[in-house]
Amino acid sequence: MNKQTFINAVNKFDTHTDAETRIAQYFMQHYAVLPFAKIDDLCKQIGVGKATLGRFLQRLGFSGFIEFKKDVTEDLTQTLTIPIERYEHQRTDANPDDIRGVLATHYHEVQDNLEKTFESLSEQDFERAIDIMCQSDGKLYVMGSASSEALANYFYLLARYLRKEVVFLKADVSTLPHQLVDVTPSDTLFAISYHRYSNVTVKLVRWFHECGGQIITLTDQHVNPFVPYSDVQFTVESEGRGYFNNRAAGFALIEVLIKGLSLQQGKDNRFQRIEGLFEEFSIFKS
């Protein structure tokens, strides 16, 4: 069973208990190392009993953890999900890739991620996300932590051309309450988070949902902590052969969201004012 097959099987469950959700999330975040896991350690790390894990695997069609591990091992490629794991694995590789092949390999990696992502995207979800982002009676909050922060900042800078009251949230718990004090049910949150999911982003999404705001998420796994709270969720491919996963598909999706936002009316004056401010502060070399 590969990771995508696992995702599809879990998504077919009619209901999920809290324990099953924790198991699914843990498996998704640590899929590449499951063949090496011991059931006692696994249950302790997830916080469930052996019987609970066994029932979950039986729902997937396996007799138990041993059969599941065997099936995963047969299909699994050595794609480690955390940079330190990839580093430790590749450091001991007796036959590292020749540097001359990196450029071509990366090109095909990006192309493959883009194709898989855009083939799976829903036009209906995209249009709904743009409608939500264009709502003028509330603010649009944007946040991404760790590697997602750069993507969130890029979206924020361009979105400021296109609508009023776009707020870039820094993942700093000491100042985050000050930034969130004025949130209302009319506001929207655009949260970007790849696995390993930032606890700050998870708490923010949950809190924003409790406040009644609408939530759009961009992530790279179908099973994730944001599913119960998202009004629209975009899932992008992020497979990569290096120490770090690939963010090209996420960046491309952000650009198409900006294009969708640019179709709204009443933005010409904002462009003129921003360009005027650039000139006033001599931001760019003439």
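How much space lies in the second largest pocket? Which residues lie nearest its centre, and which helix gives the most to its lining?

Modeller: The model is a predicted one. The second largest pocket holds about 490 Å³ of space. Its lining is made up of 20 residues, and T21, Q25, N224, P225 and P228 are those nearest the centre of the pocket. By class, the lining has 9 nonpolar, 8 polar and 3 charged residues.

Three helices each supply at least two residues of that lining: α1 (3–11), α2 (18–29) and α11 (199–210). Of the elements in the lining, α2 gives the most, with 5 residues.

The axes of α2 and α3 (residues 39–46) come within 10 Å of each other and cross at roughly 115 degrees. Angles of 65 to 115 degrees count as roughly perpendicular, and α2 and α3 are therefore roughly perpendicular to each other. Their crossing is right-handed. On the α2 side the contact involves R22, I23, Y26 and F27, which meet L42, Q45 and I46 of α3. Sorted by class, the contact of α2 with α3 has 5 nonpolar, 1 polar and 1 charged residues.

A further helix, α12 (residues 248–261), can be followed through two pairings, one with α7 (residues 102–120) and one with α9 (residues 148–162).

Take α7 with α12. Their axes come within 8 Å and cross at roughly 50 degrees, and the two helices are therefore oblique to each other. The crossing of α7 and α12 is right-handed. V110, N113, L114, T117 and F118 of α7 are in contact with A248, A249, A252 and L253 of α12. The class count for the contact of α7 with α12 is 7 nonpolar and 2 polar residues, with no charged ones.

Now take α9 with α12. The axes of α9 and α12 come within 10 Å and cross at roughly 10 degrees. Angles under 35 degrees count as roughly parallel, so α9 and α12 are roughly parallel to each other. From α9, the contact is made by L151, Y154, F155, L158, A159 and L162; from α12, by F251, I254, E255, L257, I258 and L261. This contact of α9 with α12 has 11 nonpolar residues and 1 charged residue, with no polar ones.

To return to the part you asked about: α2 gives 5 residues to the lining of the second largest pocket, and R22, I23, Y26 and F27 in α2 meet α3.

Note on methods. Residues numbered from 1 in each chain as written. Predicted model: local features only at pLDDT ≥ 70, side-chain atom pairs only at ≥ 80, totals over all residues. Heavy atoms only, no water. Axes fitted to C-alpha atoms, helices over the stretch in contact; angles between N-to-C directions. Helix = DSSP H or I, 4+ residues; strand = E, 2+ residues; numbered from the N terminus. Parallel < 35°, antiparallel > 145°, perpendicular 65-115°, else oblique. Left-handed = near helix turned anticlockwise from the far one by under 90°. Contact = heavy atoms within 4.5 Å. Nonpolar A, V, L, I, M, F, W, Y, C, P; charged D, E, K, R; others polar. 1 Å grid on protein atoms, 1.4 Å probe; cavity = no way out; pocket = protein on both sides within 12 Å on 5 of 7 lines; lining within 4 Å. Points joined across faces, edges and corners; volume = space filled by probe spheres on them.
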